[in-house]
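Take a look at the sequence and the model below.

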Amino acid sequence: MAELADLEDPRARVVNEKHGDDHGVNLGKLRALAKRLKTQQDLARQLWETDDTAAQLLAVLICRPKAFERQELDFMLRQARSPKVHDWHVNYVVKKTPHSEELRLTWLADPDPVVASAGWALTSERVAKKPEGLDLAGLLDVIEAEMKDAQDRLQWAMNHCLAQIGIEHAEHRARAIDIGERLEVLKDYPTPPNCTSPFAPIWITELVRRQHGK
């Protein structure tokens, strides 16, 4: 914890706090510290229990994902206050466990929009890598009905899933683009030069173009 405190950079904290992340540790330095520590499950649990954002991010990097039980993973997600901790927990831990599908279904149905956003993040992963058994048309129905008025983080996750369906599944592409155009979610999102807009019609079209080298 003392070493993490020494890595604190006030300028980094200002940038991170704009995204809801209450820490000032440069992520490159955090990863370097994790590389030095290597995997340490007991230490990871202790760091997580501090409820400190930088410590929890470090915990994610040094933990052994498959050592967590399903209930523990669920509890950790609900504990995660910082968007970055939430995202890293889903992407670096939950996705690597045998519990990811069960948690995906549990979280999708959760009334808490932040928890539900984790379910949609896991669904996007399945859309891209393991779509067998998914009702893609049904997912589009839900997105069409609920995304416009969803809470910010849930809306972002649903929009990602919409784009992923359009990018990966040509038979649903026209409908995915149409939903994006009508709902106009993230249409005016400020996008840096040389980055792809998160507005689904632009995102889908650009990624498909790159895939086909056109």
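The side chains of histidine 86 and aspartate 87 are joined by a polar contact of 3.5 Å. This comes from a predicted model. Histidine 86 sits in helix H7, which covers residues 83–93. Is histidine 86 buried or exposed? Its relative accessible area is 3%, under the 20% limit, so histidine 86 counts as buried. Setting aside neighbours within four places in sequence, histidine 86 contacts Leu77, Ala80, Val114, Ser117, Ala118 and Arg153.

Now the cores. The largest nonpolar core has 31 residues. Leu4, Leu30, Trp48, Leu58 and Trp107 have the most contacts inside it. Several helices give two or more residues to this core, among them H7, H6 (70–79) and H9 (113–129). Helix H5 provides the largest share, seven residues. Leucine 4 touches Val25, Leu30, Leu33, Ala54, Ala55 and Leu58, with residues up to four places away in sequence not counted. A second, separate core has 27 residues, including Ala157, Met158, Cys161 and Leu162.

The axes of H12 and H13 come within 8 Å and cross at roughly 145°. The table lists the residues that meet.

| Helix | Range | Residues in the contact |
|---|---|---|
| H12 | residues 170–183 | Arg173, Ala176, Ile177, Gly180, Glu181 |
| H13 | residues 200–211 | Pro201, Ile204, Thr205, Val208 |

By class, this contact of H12 with H13 holds five nonpolar, two polar and two charged residues.

Note on methods. Residues numbered from 1 in each chain as written. Predicted model: local features only at pLDDT ≥ 70, side-chain atom pairs only at ≥ 80, totals over all residues. Heavy atoms only, no water. Axes fitted to C-alpha atoms, helices over the stretch in contact; angles between N-to-C directions. Helix = DSSP H or I, 4+ residues; strand = E, 2+ residues; numbered from the N terminus. Contact = heavy atoms within 4.5 Å. Nonpolar A, V, L, I, M, F, W, Y, C, P; charged D, E, K, R; others polar. Buried < 20%, exposed > 50% of the residue type's maximum accessible area, 1.4 Å probe, protein only. Polar contact = N/O pair within 3.5 Å; in protein donor to acceptor, adjacent residues only side chain to side chain. Core = buried A, V, L, I, M, F, W, Y, C linked by side-chain atoms within 4.5 Å.
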